[in-house]
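Thanks for coming, everyone. Let me put the chain up on the screen, and then we can walk through it together.

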Amino acid sequence: MNTLNFPTLIELPKIIDSRGNLSVVENNKEIPFDIRRVYWLYEVPTGELRGGHAHTDLQQVLIAIHGSLKIIVDDGKNRQTFTLNKPNQGLYIGNNIWREMSDFSDGAVCLVLASKPYDPAGYIRNYNDFVDKQKTTKI
């Protein structure tokens, strides 16, 4: 699906019904990896930032299942901002991409689907270290 590892918006199925809409994701179908961990961010205070790190070996899809938020992604050379505000749209983020999440609306809930269990050793938490690593990493 996303062989270059760049962040990409993914449109998820939206099944419209008079009783309410439904969206679904499946491993290696809408989500380009096996889902090994699921977590969500919520009740983020106004003005707070989340993220501020990169993962050395982890793929994620972030979905604003309620409300909205902004995500800045950075590969060490280029930065791009995405706004998530549809529960049937996700942002795919691959390995070695810096991310910062901000501007959470009141009541926003961001669901995160991850390709691996939590591993603190797989994080790069200092932006300068991240940029230095990107300079020495061959794509």
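Take contacts between residues at least 6 apart in sequence: 75% of them join residues at least 24 apart. Keep in mind that this is a predicted model.

Now the layout. The chain has 1 helix and 10 strands. From the N terminus, the order is β-β-β-β-β-β-β-β-β-β-α. The radius of gyration is 15 Å, close to the 14 Å from the globule rule for 139 residues, so the chain is as compact as a globular protein of that length. Along the principal axes, the C-alpha atoms fill a box of roughly 55 × 35 × 25 Å. Of the 139 residues, 39% count as buried. The chain exposes about 8,300 Å², and carbon and sulfur atoms supply 49% of that.

On to charges. How many salt bridges does a search of the whole structure find? It finds 5.

Start with Asp 57 and Lys 116. Their closest N and O atoms are 2.4 Å apart. This pair links distant parts of the chain, 59 residues apart. Asp 57 sits in the loop between strand 3 and strand 4, and Lys 116 in the loop between strand 9 and strand 10. Asp 57 is partly exposed, at 41% relative accessibility. Lys 116 is partly exposed too, at 34%.

Next, Glu 100 and Arg 79. Here the closest N and O atoms are 3.4 Å apart. Glu 100 lies in strand 8 and Arg 79 in strand 6, so the bridge ties together parts 21 residues apart in sequence. Bridges with shared partners join Asp 74, Arg 79 and Glu 100 into one network.

Then there is Asp 17 with Arg 19, at 2.7 Å from N to O. Asp 17 is partly exposed at 29%, while Arg 19 is exposed at 75%.

Is Gly 122 buried or exposed? Gly 122 is buried, because its relative accessible area is 13% and the cut-off for buried is under 20%. Gly 122 lies in the loop between strand 9 and strand 10. Leaving aside neighbours within four places in sequence, Gly 122 touches Ala 54, His 55 and Thr 56. Its C-alpha is 10.0 Å from that of Asn 95, which is 27 residues away along the chain.

Last, the surface. Ile 15, Leu 22 and Val 24 form a nonpolar patch there, with about 240 Å² of accessible area together. Leu 22 lies in the loop between strand 1 and strand 2. At 46% relative accessibility, Leu 22 counts as partly exposed.

Technical notes: Residues are numbered from 1 along each chain as its sequence is written. This is a predicted model: local features need pLDDT of at least 70, side-chain atom pairs count only at pLDDT 80 or more; totals for chains, interfaces and linings use all residues. Side-chain values use heavy atoms; hydrogens and water are left out. Patches are made of residues with over 30% relative accessible area and no salt bridge: like charges are joined within 9 Å, nonpolar side chains (Val, Leu, Ile, Met, Phe, Trp, Tyr) within 5 Å. Accessible areas come from the Shrake-Rupley method with a 1.4 Å probe; for residues, only the protein chains shown count as cover. A salt bridge is a side-chain nitrogen of Lys or Arg within 4 Å of a carboxyl oxygen of Asp or Glu. Helices (H or I, at least four residues) and strands (E, at least two) are DSSP runs, numbered from the N terminus. Buried means under 20% relative accessible area, exposed over 50%, partly exposed in between (1.4 Å probe, protein chains only). Contact means heavy atoms within 4.5 Å. The radius of gyration is taken over C-alpha atoms; the globule rule is 2.2 Å times the number of residues to the power 0.38.
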